Amino acid sequence: MRSSTFLRALPAAVTAVLALTAGQAMAAPASAPAEHTAAARTVTYDASGAAEFKDAVAKGAAIWNESVVNVQLKPAASGQRANVRIIADNGWPRTLSTGLGSGTIYFGREAVDEGYNTVRISSHELGHILGLPDMKPGPCSSLMSGSTAGVSCTNPNPNAAEKAEVEDSFGLVGAGATAAATPRMYRD
């Protein structure tokens, strides 16, 4: 009796396994160009409050767009509510992340006045919006090491591990996973 139940269930199990295997075989590798993968998630930003740092914000977004395929940062269209607001202020740079791909970046002049590179600051703070935590202390090769890499560090590029973490996070979201919406403040 058991064997007849098993034999009746076997075709459905084989079909399910083949369907899963075929889907995996068709998945594009992480290094494939964006046009060969599922549509990237778009995260919009509003840099109208970024004052003198608007150019640095655009450069930081371009760096991320060249580094990953599962998410792209784009300026919000006029009248469109942006996922991310960028505001210049006189404090230290910080990000209030309200979920993966959303929040507010405070582009603090204090770090700029101390000599930190504006494009590195922008890329670093956008990294928080993309789900990356601070990695302190850290070397200049780690974008998320922030200020611990020192004033002389001008590297605005994420390293391979940082890129992979963003790709994984947004790949999961694109596959239907939900992102946590617990606000988190990053200072640096």
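Tryptophan 92 counts as partly exposed because its relative accessibility is 24%, whereas tyrosine 116, at 17%, counts as buried; here buried means under 20% relative accessible area, exposed over 50%, and partly exposed in between, with a 1.4 Å probe and protein chains only. The model is a predicted one, in which local features need pLDDT of at least 70 and side-chain atom pairs count only at pLDDT 80 or more, while totals for chains, interfaces and linings use all residues. Residues are numbered from 1 along each chain as its sequence is written, and side-chain values use heavy atoms, with hydrogens and water left out.

Rings of Phe, Tyr and Trp (its six-membered ring) are taken to pair if their centres lie within 6.5 Å, with planes under 30 degrees apart counted as stacked, over 60 as edge-to-face and the rest as tilted. By this rule there are 2 aromatic pairs. Phenylalanine 53 and phenylalanine 107 form a stacked pair, at 4.2 Å centre to centre and with 15 degrees between the planes. Since phenylalanine 53 lies in the loop between strand 1 and helix 2, and phenylalanine 107 in strand 5, the pair ties together parts that are 54 residues apart in sequence; both residues are buried. The rings of tryptophan 92 and tyrosine 116 have their centres 5.7 Å apart and their planes at 80 degrees, so this pair is edge-to-face.

The protein chain holds 5 helices and 6 strands, assigned as DSSP runs (helices H or I, at least four residues; strands E, at least two) and numbered from the N terminus. The 6 strands form an open sheet of mixed pairing in the order 2-1-3-5-4-6, where two strands pair if DSSP finds at least two bridges between them. Strand 2 and strand 6 (184-187) stand at the edges with a single partner strand each, so one side of each is left without a neighbour in the sheet. Strand 1 (residues 41-49) pairs with strand 2 (residues 71-75) in the parallel sense over 5 bridges, with threonine 42 opposite glutamine 72 and threonine 44 opposite lysine 74. Together with helix 2 (residues 54-67), these two strands make a right-handed β-α-β unit, right-handed meaning that, with the strands pointing away from the viewer, the path from the first strand over the helix to the second runs clockwise.

Of the 188 residues of the protein chain, 37% count as buried.
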